[in-house]
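Walk through this model with me, one element at a time. Keep the structure in view as you read.

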Amino acid sequence: MKFLIKKFRKDILENIGQFTAISLVISIGIAFFVGLTYSYDTINESINDYYQEANLADISVSFLDVSKDDIDTIKEFEEVEDVQGRFLLEGRVSSDDTITMQSYSSNNSMNIPTLIDGDYPKTDDQIILDSEYVSNNNIKIGDLITVSIGNDQVDYELTVSGVFKSAEYIYYTDDNTIPVPNHTSYAVGIVEDNFFEKLGINYTQALINLSSNADDSELIDKIDSEFSTYLQSTAKEQNVSYQMVANKLESVKNLSVILPIVFIALAAVITSISMSRQIENQREQISVMRAFGISKFDIRVSFLQYPLFTALIGTIVGTIIGVVLFPKILISTLSVLFVFPSLSSVTYIHLSIIGFLVALIAGAIATRMSCRKILKEIPAQGMRPLPPRKAKNSIVERNQLIWNKIPYAYRIIFRNISMNKKRFWLSSIGIIFCVSIMIASIGIKYAFNHIVDTEFDLYRSYDVTATLNEPSFEDKNFKNKDTVEIADLFSVSPVTYNNENTVLNIVNKDTQSNHLYNRNGEEITINDSGIYVSEKFAEENSIGKKDTIELGFNSPVIENKDIEVEILDVYKSYTNQGFYGTFELLDKHDINYPVMSVHLTTSDDAESLKEELDDDPQFSHVTVKDTQKNEYLNASSSIDSLVLIMIAASILLAFTVIYNISSINIFEKRRDIATEKVLGLTLKEINRVIFVENIFLVAFSSIFGILLSYPMYIILCEFIASDEMAFPHSLNLMSIPIAILLTLVSTLITNSFLKRKVKRIDMVESLKGVE
Amino acid sequence: MNNIIKFENVFKRYVSGDTEILALNDVSFRIDKGEFVIILGASGAGKTTILNLLGGMDFVSEGSIFVENEEINKYIEKELTFFRRNKIGFVFQFYNLIPNLNALENVEFASSYNKDKFDAKEILSRVGLGERLHNFPTQLSGGEQQRVAIARAVAKNPTLLLCDEPTGALDYKTGKEVLKLLSQVNQEYDKTVIVITHNIALADMADKVIKIKSGEVEEIYMNHHKKDIDDIEW
């Protein structure tokens, strides 16, 4: 047994390239599995802890106004375990930025902010600010800031006493139209209850924890009937931050399932091809060993060292890559959107062990199957060389015209393929997968750019969005600036359809700023006899053109109301799922929906219009569309890095497949290659044949890879896209040549590695007898 | 003089581990154009080393080798490759045909890299395989395969034919046929033929015999009355 172990180590060392290649393939599979799952676990557990520590309220209920006595009344409801009143107010800070001011007192037990520096406010002239605003604006503890609140914009000077993060505010933005929160001009500040009490304002929010088994809708009904100031209630799970985080985590989790499956399956295929060839090449040695009296069991065990060591090395390397690389990339890209708590470390050893076992079992099965045939032979027969395989005419030969034009050296390739059809197919499977993953990944990158371009250039033709300080119910003229050519009104209302929360985008009937396109790519003329539904929402809810549906309004700015409307058309949108309707349509249903923002088109430069509007007190903030677009592109960096990882992994896999298969081929043909050398073929000529053979394999596999890339793309889009996103169903054709080019480059690089193998073959091999 | 090959004081040492093996010890001989030469020696005598050096597959440790007045031991690897391509026709003990090419293709493949070549079909008919052009090596007997190999070597129209134990893997009768073919090639195509063998009996059919023993030349002699292969028995 000791001898067998020693012999096997030597075999591995002799073929260290192949051994490394297989370990590498396994490590890629493991890296995806461990890395993605570990990243998911880390973020998920940290955030769950964060929620727990903060004790996020089950429901938050908004009121126009709710007194301390009212809070006490709510406390008496049987469904309520705990209730806490809270002040909440929008204002301005540092003259220009928006701030959400809320209260916190030391006896609060829900939605507790996490102090990361300084102290909680102790007096009514102290404030703590969110960590992002503080760091983006270079604010220090002890700095004085000016907050202006209310219609009269009264200024208050407050001292910054601390910095916080909050589980309530993992994702927070004052502008729903841009996906990337702007933490430079929007702050969340927390002050003592006293601050608001001195202003003479009441609570506007009640945070409620339900008692066990309590029914939240019953409670809401009670509150609604009891208090006329009731506006709306939001369950913890409906909270924007909570939903955004849950959505993103869901897609990370999905990826952590699909990608490792793809890559581990690929690794298993490659390993089994290499293993079986390796063992078949040792057939005679195995028989000699058996003739010596070494048991089948011992031989089998000695061969199992191969999957054992490749799985072990692959697991160690893969775990390191996965644990170091993936969380870093994922967390840093997700941090564009989210403010994460400090991340706790979770264990990943169990993941490594699972990965190791999967790799080991797959490798062991491949080994066992390859050994079986050889161990079945009686030793005496196994020691005799296998009869040479019959050469076969290749299919290409049926066309003599073409065949005669093929140089002799290349005819060998076609005959080889027709002799080893099984191996050719197995090796193409690897490359087919690599090519299709590459095309799909590049396709996703293209799709994302396409989404941003169409959304911002085609669907939105305005230059600047100006958000009103507060929703306006009156008609105002926003074209009062000289340079403004078009001013269209815009609002977004939360609506429900069939218990599904979504939004209704509200525009003027004759809007020139927002454009809708139907499935055929034709522009829709927006009219006020009905609403329009996005393609994705329509498909998910099985509704469509000419359906009449009931929409429920539960917006804080108007009274709750249900209306019946007809769907006039289905529009395509990649980022904006829900409905479009007009102010005029709502008027017909007796809803006077307030204007929230204005879309402006200028004859001048957008930036200078922004500067002008920034000084206008009726606007809370003004955003240039191109800035939005750039921020959207920034948000895509998470897609970029994922695409890059997938492309890199596919290239590495393509490399290992070609390297492994070619190494086996070269090893089996070493006698022929030695003969060719003696016959006076140059290394260049010999290498060229091997190169052409690989190119042929790659070209052949690429055809199938291209066919498979479309379903692969759709699957990946499905997994990557969040709820509000829809990816275009068409794959950008440019991804195909790029992927093929990358594969060809990796073939070229592989060949430069193979050259050494060819060079090392000694011409003396040709003088030996057939083994 | 018509010396096509000059071996002058050639030494070849192999280092394996700490020990140095002297494979060729001051070997010198000359071969004339058109000669049929047998290099004779027991296994381990140094025959294969001479073959490797003559065939441009290895480098000398000391001494010079001239082929057509070119000192090939000074060649760099690439020049040696072209030397093998243009000057040497190699016949192996185990034929070494490319298994995926048929007889005709094997011959054409090798000579396709040469400018001044013979027609492959014609040569194959000359070696008696005109009917089996499209058979793969596995469909041919050992003797037939060796005849394809000889055709392959001749078609290149090389300066010399190097044959390494060409009958080693063949039975007596087939071996004789192959040797007969080699001597025909020697006469009809006026090719210098060097056969390396351990079979002393073959010495009688050669113009010149070079006997090698323990890495040294034991004896060189000319056969003034060389025998026809049919008259040689072993």
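Begin in chain A, where helices H2(A) and H7(A) cross in a left-handed way; that term applies if the near helix is turned anticlockwise from the far one by less than a right angle, and clockwise makes a crossing right-handed. This is a predicted model, in which local features need pLDDT of at least 70, side-chain atom pairs count only at pLDDT 80 or more, and totals for chains, interfaces and linings use all residues. Residues are numbered from 1 along each chain as its sequence is written, while chains are lettered from A and ligands numbered from 1 in the order in which they are written.

H2(A) covers residues 16-54 and H7(A) residues 240-280. Helices (H or I, at least four residues) and strands (E, at least two) are DSSP runs, numbered from the N terminus. The two helices pack at about 165°, with axes 9 Å apart. Axes are lines fitted to C-alpha atoms, for helices over the stretch in contact, and angles run from 0 to 180 degrees between N-to-C directions. H2(A) and H7(A) are therefore roughly antiparallel, a label for angles over 145 degrees; under 35 is roughly parallel, 65 to 115 roughly perpendicular and the rest oblique. Their contact holds 20 nonpolar residues, eight polar and one charged. Here Ala, Val, Leu, Ile, Met, Phe, Trp, Tyr, Cys and Pro count as nonpolar, Asp, Glu, Lys and Arg as charged, and the others, Gly among them, as polar.

Next comes a sheet in chain A. Four strands form an open sheet in the order E2-E10-E1-E11, with antiparallel pairing. Strands E2 (80-86) and E11 (230-235) of chain A are at the edges, each with a single partner strand, so one side of each lacks a neighbour in the sheet. The twist averages 20° from one strand to the next. E2(A) pairs with E10(A), residues 203-210, over six bridges; pairing requires at least two DSSP bridges. Within that pair, A:Asp82 faces A:Asn209. H3(A), residues 68-76, lies across E1, E2 and E10 of chain A, at about 165° to E2(A). H6(A), residues 216-226, packs on the sheet and touches E1, E2, E10 and E11 of chain A.

Now find A:Glu584, in helix H16 (residues 583-588) of chain A. Why is A:Glu584 partly exposed? Because A:Glu584 has 16 C-beta neighbours inside 10 Å; 20 or more within that distance means buried, 12 or fewer exposed, and anything in between partly exposed, with C-beta atoms placed from the backbone. A:Glu584 touches A:Lys509 and A:Asp528, leaving aside residues up to four places away in sequence. A contact means C-beta atoms, placed from the backbone, within 7 Å.

Turn to chain B. Strand E8(B), residues 192-197, has six of its six residues buried. In a regular strand the side chains alternate between the two faces of the sheet. B:Thr192, B:Ile194 and B:Ile196 are buried on one side of E8(B), and B:Val193, B:Val195 and B:Thr197 on the other. E3(B), residues 36-40, runs parallel to E8(B) and is joined to E8(B) by five bridges. E7(B), residues 160-164, also pairs with E8(B) in the parallel sense over five bridges. B:Val193 is opposite B:Phe36 and opposite B:Leu161.

Finish where the chains meet. The contact takes 26 residues from chain B and 23 from chain A. On chain B, H2 (77-87) and H3 (103-111) each supply at least two residues. H2(B) gives the largest share, five residues.

Definitions and conventions:
Two residues are in contact if their C-beta atoms, placed from the backbone, lie within 7 Å.
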